[in-house]
Amino acid sequence: MPVTTVDRDDVGHHGLPVPDVVLLTETDSDTGLSTERWRQRLAELGPNELPPRRGQSWVVRLLLQLHHPLIYVLLAAATITAVLGEVVDASVVFAVVVVNAIIGFVQEARAERALDALVAMVRTEVTVVRDGVPMRVPSAELVPGDVVLLDAGDQVGADLRLVGARELRVDESALTGESVPVTKDPLVLPPETALADRTNMAYSGTLVTSGSGRGVVVATGAETEIGRVHRLVSTTATVQTPLTRKLAHFSQVLTVVILGLAAFSVVVGVLRGEPFAEMVTAAVALAVGAIPEGLPAAVTVTLAIGVARMARRNAIIRRLPAVETLGSTTVICTDKTGTLTANAMTVNAVVVGGVRYDVSGIGYAPTGTFTPSANAAVRDCLLAGLACNDARIVEDDGRWQPVGDPTEAALVVAARKAGLSAEDVPERVDVLPFSSERLFMATRHANDVIYVKGAVERVLDLAGLGHSAEAEELAAAGLRVLAIGRAAGAELTEEGLRGTVELLGFVAMHDPARPEAIEAVHACQAAGIEVKMITGDHPATARVIAAEFGISDVHARVAPEEKLRLVTQFQADGQVVAMTGDGVNDAPALRRADIGVAMGRGGTEVAKQAADMVLTDDNFASIRAAVEEGRAVFDNLRKFIIWTLPTNMAEGLVILTAILLGAALPILPVQILWINMTTAVALGLTLAFEPREPDVMRRPPLPPSLPLLTRTLVGRILFVSAILLACSFWAFRWQLSAGASLEVARTVAVNVFVGAQISYLANCRSLVRIRPRTGPNRWLLVGVALTIGLQLLLTYVPFMNSLFHTAPLGWQPWLVVFGLSAVSYVLVELDKWRHRLLRGS
Ligand code: ATP
């Protein structure tokens, strides 16, 4: 029988009793679908994904490239020029505009594609029951009829009709805008119940904030409620950050100033008796040349390249501004378990009745022995650990792997080493789950025994006992210690258990440090970043492990809500804080931190949603990689800006100066447009691909208040503008005085200008050093070769000669081009050298 989703308009699933929903979706609310049936449905209905975002069409986006006041002015000027009969000049301007628009369009499209691709990299996983076995699967694999288990921190993967709920609360703000979590319950509701009040449904895209539940998938993909919303609004990705906004503002101000200067030059020129139309064209060229139109787009491209590099190193950026902030991070607050350590737990020792039993074997293979050998009391303790447990171990290709919490899996392994197995555990009837606040877990079994395990001081407290020297000793050896206890006939609540628990013993497990994380912590410290350990573990354990990493600031037994306080406190001290987290309760701290870092594997969906960055391997080394790339991005942004501003400025200045001096233009407006168009992309943008400098992690973090352009760099911009201006003017005059034609003199001036731009590009590969210490930049070499090729075309192809008023050159002027480029290069390097002397570095 073919599978159909129920027609929701007939009767919503919320209006049906559970058995009807189960019948309609042809499933079994206990065992779920069979794998075979699931596969059939998946093939039939397709994956549970929203259709790709439909943004603006490419035509609109291409036209939007022209939506710039300056372009309007340019087009108007070209039209005037055409009307006045200068059709060739006018068409060159039109061509320039079109080519510029296409280049901008391609750049932006590439940047957006890179950012879009990231969305898919953070995959949502859900727990589904198939063939009676719970398993984690990507949410894209859900089909109607699947039985899904919900737990605090999960994102709901599809629209579910709930069949069971225990204190289940769901944050539906993504769908309804209501920020207070809604309490859920499987009870049938009247058919007319509004979406926001359908408490027996859990909708795709919403977040489970507490409790647990079970539901049957009734709609997937575009059929879900969020899918409908998605179809109504087609959102566009915003690629704005504080920096791009600042730069856009800067460009705007600059535009106004330059337009003022351009108007001024028209007035001066006309007063001097120059033809009006010529002055307008010159003024427009001045404006087009001087205004860094491409700046915001180029910054976006640079950021996107940085984001792609970070993704390759396991750090997925969820919010673009994080790329900038990463470069100025001064404090990293990191979890211990899983981030610094491998979260591969092995029980090393069990202490029962004051006797320590060492356990042999490493990893999750259930083979090993106890010394001295395990007696009945040890087995009692380990049985409790096996009972109060949701994990299991599986053998895969000869390797034993944990399924579930590694801490619990380690207890399973220890119990198996003592000869116990799941059959020895009486059936479980109720559970008080572990949480980072409660710090213990308890289960009630069919024989009315309650097993308890958890943090030492919590279980000792439940047992009415004080401090334990044995447990302290284990913790002081850097081991993770759990106390294990048992109670009979008590109520399964914290209060009910207090005073009724009998302590059975302590279990101590080893969690090896990740070697690459040790190295990464040192790298961050060398980079002037303070690394703090914030952990839920015991202070003694945490201190030993911190020492292994060279971390001196440890905050242990920190409850998630205290993390928020810590972040706020560090920020009040003027720090830029990165904070890791994985649980639901970490979300406020992640949101508050300058960089919230969520764990991609072990983290909950709630934490991922709150974070700025997600680590796909949960590893501290990836935070370091992200910081390193963040700093490199910032470097490249500065290099690009430092390169582009003087070239723009000089382009405008050449024309302004000539008009003000009443001299012949050394470079014609169309030639300025040519230079502007070819070099901005072929030369400038290649700096976005610069490899990172080897010493990025040996410098202190840049204070966030530091302006993008320091006084030194502003000085450099003015200095280089003057060099470019002087070189092109001098070459032009010199050629004229040597008897060259205007065309030839201008061609030389244009080539000198571009030559100096190329040599300045080489200067910009390092802002302070004479020779860049980075490896070769392939794109830069391609760009330079391309530019040289284009200049040769401009100089020697007759068609280009007539379009751009250029003329072929002999070999002698090229010596001037090379000579002046070299002089310019040396002058800039001398400037760097002078500043280094001044700074004494
Ligand atoms: P980090 O913040 O570094 O990741 P953590 O993972 O050690 O720290 P929690 O998972 O909150 O922090 O664990 C805190 C304490 O709770 C542990 O020291 C341990 O004693 C106890 N504990 C951990 N997992 C369980 C569990 N599954 N059942 C019972 N108790 C546990």
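At what angle do the axes of helix α9 and helix α22 cross?

**View 1. Helices α9 and α22 cross in this predicted model.** Helix α9 covers residues 276-290, and helix α22 covers residues 620-661. Their axes cross at roughly 155 degrees and come within 6 Å. Angles over 145 degrees count as roughly antiparallel, so α9 is roughly antiparallel to α22. The crossing of α9 past α22 is left-handed.

**View 2. Residues from both helices make the contact between α9 and α22.** From α9 come Met279, Ala282, Ala285, Leu286, Gly289 and Ala290. From α22 come Asn648, Glu651, Gly652, Ile655, Leu656 and Ile659. Eight residues of this contact are nonpolar, three are polar and one is charged.

**View 3. The largest cavity has a volume of about 50 Å³.** The count of cavities of 30 Å³ or more comes to four. Lining the largest one are Leu74, Ala77, Ala78, Thr81, Val93, Thr281, Val284, Ala285, Pro669 and Leu673. Ala285 is listed in this lining, and Ala285 is also among the α9 residues that touch α22.

**View 4. Helices α4, α9 and α23 each give two or more residues to the lining of the largest cavity.** Helix α4 spans residues 69-83, and α23 spans residues 669-682. Which element gives the most to this lining? It is α4, with four residues. By class, the lining has eight nonpolar and two polar residues. No charged residues are found in the lining of the largest cavity.

Technical notes. Residues are numbered from 1 along each chain as its sequence is written. This is a predicted model: local features need pLDDT of at least 70, side-chain atom pairs count only at pLDDT 80 or more; totals for chains, interfaces and linings use all residues. Side-chain values use heavy atoms; hydrogens and water are left out. Axes are lines fitted to C-alpha atoms, for helices over the stretch in contact, and angles run from 0 to 180 degrees between N-to-C directions. Angles under 35 degrees count as roughly parallel, over 145 as roughly antiparallel, 65 to 115 as roughly perpendicular and the rest as oblique. A crossing is left-handed if the near helix is turned anticlockwise from the far one by less than a right angle, and right-handed if clockwise. Contact means heavy atoms within 4.5 Å. Ala, Val, Leu, Ile, Met, Phe, Trp, Tyr, Cys and Pro count as nonpolar, Asp, Glu, Lys and Arg as charged, and the others, Gly among them, as polar. On a 1 Å grid over the protein atoms alone, a cavity is a set of points where a 1.4 Å probe fits but cannot get out, and a pocket is an open set with protein on both sides within 12 Å along at least five of seven lines; lining residues have an atom within 4 Å of a point. Grid points are joined across faces, edges and corners, and a volume is the space filled by probe spheres set on the points.
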